[in-house]
Amino acid sequence: MNLLELRGVRAAYERIDVLFGIDLAVPQGSVVALLGPNGAGKTTTLRVAAGLHQPSAGDVLIAGRRVNGTAPEELARRGLCLIPEGRGVFPNLTVRENLRMMTYSGKSLSAIEDEAYRRFPRLKERRKQLAGTMSGGEQQMLAMARGLATKPALLLLDELSMGLAPIVVEELYEIVAQIAREGVSILVVEQFASTVLGVADLAAVLVHGRVARVGTPRELQDDLSKAYLGGEPG
Ligand SMILES: Nc1ncnc2c1ncn2[C@@H]1O[C@H](COP(=O)(O)OP(=O)(O)O)[C@@H](O)[C@H]1O
Ligand SMILES: [Mg+2]
């Protein structure tokens with residue numbers, strides 16, 4: 001079964017079309033990488049999937065059910081979690097206070113903290129530190145811990161690796177792989193192929209609002225050239 005499916009999704013900002021018929025599926029329990037250059041429409045695709053941007057045509061299906069027009073809060077209740085570009089942690093709150101905000105979901109702070117620190121031991125050491133003073137990698141860990149506090153079935157990650165050193169990105173992707181092994185389906189967006197292909201089951205390349213290529217990481221590795229990604233392959 002596909003946990004998420006986009007069928008012929010078109011999207012626009014004002015009158016300007018940016019997605020031109022996206023077909024994309026995330027099978028249950030898999031990691032799908034959505035790659036492509038800056039401006040290709042990756043973030044818009046995630047926003048459409050999360051109910052934050054209404055498609056101008058096409059369908060969004062979650063677990064086989066059409067969800068066009070469903071409010072983002074309702075999709076979140078049904079198990080969808082988007083971790084946005086730029087991470088969306090509160091810089092002037094401590095790690096713990098950032099986690100505490102997730103108690104709205106009904107879980108206790110101690111349960112949320114236990115889970116967060118089990119997965120990201122470094123956050124425990126930093127629990128009293130203001131999030132904005134942590135490294136980019138630690139802030140990404142906090143963003144992921146916040147998202148995972150709601151026990152999502154489908155995780156949408158937007159440019160996890162942005163601005164991070166390769167070794168930190170590798171560490172984060174090991175955690176992504178672990179989350180996937182626990183049964184969470186994941187759609188992850190990256191500008192460059194880099195480390196993400198090592199953990200993905202499937203990959204798609206988005207260029208100018210169209211899916212230019214879909215395949216296994218092995219199939220795609222060969223043609224993920226400068227021509228597609230507009231920069232050095234990772
Ligand atoms: N809020 C917005 N208003 C108008 N145009 C936007 C907005 N957000 C994105 N765009 C445009 O939509 C296109 C796709 O953007 P985006 O989905 O952010 O691409 P990516 O994430 O692949 O870089 C780009 O041309 C971008 O300039
Ligand atoms: Mg983007």
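**Exercise 1. In what order do the six strands of the open sheet with mixed pairing stand, and which strands are at its edges?**

Solution. The model is predicted, so local features need pLDDT of at least 70 and side-chain atom pairs count only at pLDDT 80 or more, while totals for chains, interfaces and linings use all residues. Residues are numbered from 1 along each chain as its sequence is written, and chains are lettered from A and ligands numbered from 1 in the order in which they are written.

Begin with the terms: helices (H or I, at least four residues) and strands (E, at least two) are DSSP runs numbered from the N terminus, and two strands pair if DSSP finds at least two bridges between them. Reading across the open sheet gives the order S6-S7-S8-S3-S9-S10, and the pairing is mixed. At the edges stand strand S6 (80-83) and strand S10 (210-215), each of which pairs on one side only. From one strand to the next, the twist averages 15°, where axes are lines fitted to C-alpha atoms, for helices over the stretch in contact, and angles run from 0 to 180 degrees between N-to-C directions.

Next, take one pair: strand S9 (residues 202-207) runs antiparallel to S10 and is joined to S10 by five bridges, with valine 207 standing opposite arginine 210 in S10.

**Exercise 2. Describe the open sheet of four strands and the helix that packs on this sheet.**

Solution. The order is S2-S1-S4-S5, with antiparallel pairing. Because S2 and strand S5 (65-66) each have a single partner strand, one side of each is left without a neighbour in the sheet.

Then follow the pairs of S1. Strand S1 (residues 2-13) and strand S2 (residues 16-27) run antiparallel and are joined by nine bridges, and the bridge partner of glutamate 5 in S2 is alanine 25. The hairpin of S1 and S2 has two residues between the strands, and glutamate 14 takes a positive phi near 55° there. With strand S4 (residues 57-62), S1 pairs in the antiparallel sense over five bridges, and leucine 6 has valine 60 as its bridge partner in S4.

**Exercise 3. Which residues surround ligand 1?**

Solution. The shell consists of Tyr13, Val18, Gly36, Asn38, Gly39, Ala40, Gly41, Lys42, Thr43 and Thr44, a residue being near a molecule if its C-beta atom, placed from the backbone, lies within 6 Å of it. Helix H1 (residues 42-49) supplies the largest share, three residues.

**Exercise 4. Work out why helix H6 is largely enclosed by the rest of the structure.**

Solution. Helix H6 (residues 136-148) has 13 residues and reaches 18 Å from its first C-alpha to its last, close to the 18 Å expected at 1.5 Å a residue, the expected span being 1.5 Å times one less than the number of residues. A residue is buried if 20 or more other C-beta atoms lie within 10 Å of its own, exposed if 12 or fewer, and partly exposed in between, with C-beta atoms placed from the backbone. Eleven of the 13 residues of H6 are buried, so the helix is largely enclosed. The cover of these buried residues includes S6, helix H3 (95-100), helix H4 (109-119), helix H5 (121-125), S7 and helix H7 (166-181).

Definitions and conventions:
Two residues are in contact if their C-beta atoms, placed from the backbone, lie within 7 Å.
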